[in-house]
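Dear colleague,

I am handing over the structure below, and I would be glad if you could read the notes that follow with it open beside you.

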Amino acid sequence: MQKIPVTRDGKRGSEIIIVDTSEIVKIERIRDREIAIHTKDQQYYLDFSFDNMEEWLFEDGFRLLDHANLVNLNHVHDYDAKKGIVYLDKDDRLKSKTATAAHIHKEHIVNILQLMKTTDPANAELDDAEQDELFTRIISETKDEQLLRSYATIRAVNERRRAEHKIVHMAYHDSLTNLPNRLHFDQRLKECFEQAEQDGGRMAVIFFDLDRFKVINDTLGHHVGDQLLQYLARKLKVYVKEKDIVARFGGDEFIILLTNISHIDEAAQFAKGIPDLLKEPFVIEDQELFVTASIGISLYPDDGMDAETLLKNADIAMYRSKEKGGNSYHYYYPDMNKRSLHRLNLEIHLRKALERNEFRVFYQPIVDLNNGKIFGMESLVRWHHPEWGIISPGEFIPLAEETGLIVPIGNWVLKQACRQNKEWQSLGHAPLCVSVNISAIQFHQPSFVHYVEQTLLETGLEPRLLCLEITENVAMTNVSYIMDTMNKLRTLGVSISIDDFGTGYSSFSYLKRFRVHTLKIDQSFIRDVTSDEENAAIVTALIAMSRKLKIKSLAEGVETREQLDFLISQGCNEIQGYVFSKPMPAPDFELMIRENKQLYLM
């Protein structure tokens, strides 16, 4: 609020008194450059041009009532349209100070009161278009130049306020999703810290990003990825309670703050709901897109007493979920810091492993249950580090996918497997079909089909002796694109199998549309197939469904004779697993096929 210098009598040389504008109820022009200043109880004088008063005091709520009255609308209590009287502050009209306007200004006062609503940029009653329409109508109906200037002042200040509000909003919100941004989140988190310190409350920070989101951007373009993020943001705003906050951290990463949780299980229950938001496909430009999320959780005060530490630890926990294959959540625990450093070191060495020739391809036999003979083999990459020894694929494959290194590694495995298979044929061994796992990023490369074709030409392997394996979740990432790529691969004569079936979306209708050659039943179902009735029912149903769709069924991870006998009894076509052989280097596999090892069938 501003301060106005006034005198009691309006005479030059009189004592100057400072009045706060919040105390003034109206300003009245007596004659040119003689202005009366009215508070609730006093009257003062000011030597100033009345024409400039409204613009000067607009921010403090003053509006021109007529040619001689400027009213502080913060004090307006009532308006009698018949008498043309504006009542200021008092409930009792007899005791209230008033401002009088001529009847011809009745419409102007109504306009002023209407336009007052538009001066608040947070007012949801009028959108920008309605505000502009209101101003246009009022201005077109007004002929008085001084009142037109008043409206122009209102509009100019209103536009400035809206612009300022927009700038502030942009500073604290993400431009794509309109969610709070990192700055907004940090401020809210600090406020909650102060409150939690006072009342001993607990909080949780949930950090998550979308698995394999890069595939969508690379395949369909960033504009499709942006639309997906906008749809997801709207779902998240509905899912998160009003007292909590969801913000976009950047890219496809989001952070959520849960306040006043009474038990750590509340954070887990909340995190479990995020995959439910992603179950239904996002339909964008006639494309059905499926995504999953990796989620990390850190707790206050257990995992950090400041914003930076809580966010860092939630981020570390999120990467743990990624390492486990995604589509899951993990709480932070201190040992993860060691894993984070190890992961960074692993990435550095992984980037050099291909050029240093540290990768090897192992082969696991695939057995035909009709005759017990080896039908083919699955190629499996292994990393033999010169200092660390054999590194588990479960450790470096997720890292390779995240960093994009899976593309050159996967292409190398594909070429190596085709070359090796052709070499065994050249030595006189019976033709076998080699299966190669293809990652989501690799499969979505625009040049992937061309690379497969060139690899077959370069190695001389017949297309029918190559089978490309993609997981069920990869197949459901972008259905239209996947189907188009599969059709092109089938035209080349290459076989396609769906791996890990039953662990993802389990959409049988899509399986029919994909027209794959083989359905691989995930080992998680096979492991307990002889002791778990539900698993047995699922495996039986998958085998029966494959037979109906004229698709071969292949059970992986078969380890016991009991599992094998069950699969044979249900009519499974092929198996692979330790019951016959573990994965082995190329020389050992060659010895096996030279000796014509077979599976004994009862």
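**What was found**

Leaving aside its neighbours within four places in sequence, Leu466 is in contact (heavy atoms within 4.5 Å) with Leu414, Cys418, Cys433, Val434, Val436, Val452, Leu456, Leu461, Val494 and Ser495. This is a predicted model, in which local features need pLDDT of at least 70 and side-chain atom pairs count only at pLDDT 80 or more, while totals for chains, interfaces and linings use all residues. Residues are numbered from 1 along each chain as its sequence is written, and side-chain values use heavy atoms, with hydrogens and water left out.

Leu466 also belongs to the largest nonpolar core, which has 78 residues, and together with Leu468, Leu567 and Ile575 it touches the most other members. Helix H12 (residues 406-426) gives the most to this core, with 8 residues; helices (H or I, at least four residues) and strands (E, at least two) are DSSP runs, numbered from the N terminus. A nonpolar core here is a set of buried Ala, Val, Leu, Ile, Met, Phe, Trp, Tyr and Cys residues joined through side-chain atoms within 4.5 Å, where buried means under 20% relative accessible area, exposed over 50%, and partly exposed in between, with a 1.4 Å probe and protein chains only. In soluble globular proteins, nonpolar side chains tend to be buried together.

Thr518, which lies in strand E24 (residues 518-521), counts as buried because its relative accessibility is 7%. Beyond its neighbours within four places in sequence, Thr518 is in contact with Ile496, Ser497, Ile498, Ile551, Lys552 and Leu554. The C-alpha atoms of Thr518 and Ile496 are separated by 6.6 Å, although these residues are 22 apart along the chain.

Some backbone details in the loops may also be worth a look. A cis peptide bond, with omega about 10 degrees, joins Tyr300 and Pro301, and Pro301 is placed in the loop between strand E16 (293-300) and helix H9 (307-323). In the loop between H9 and strand E17 (328-331) is Asn327, a residue other than glycine whose phi is positive, near 55 degrees; Asn327 counts as partly exposed because its relative accessibility is 38%. Lys550, found in the loop between helix H19 (533-548) and strand E25 (552-556), likewise has a positive phi, near 60 degrees, in a residue other than glycine. At 75% relative accessibility, Lys550 counts as exposed.

With kind regards
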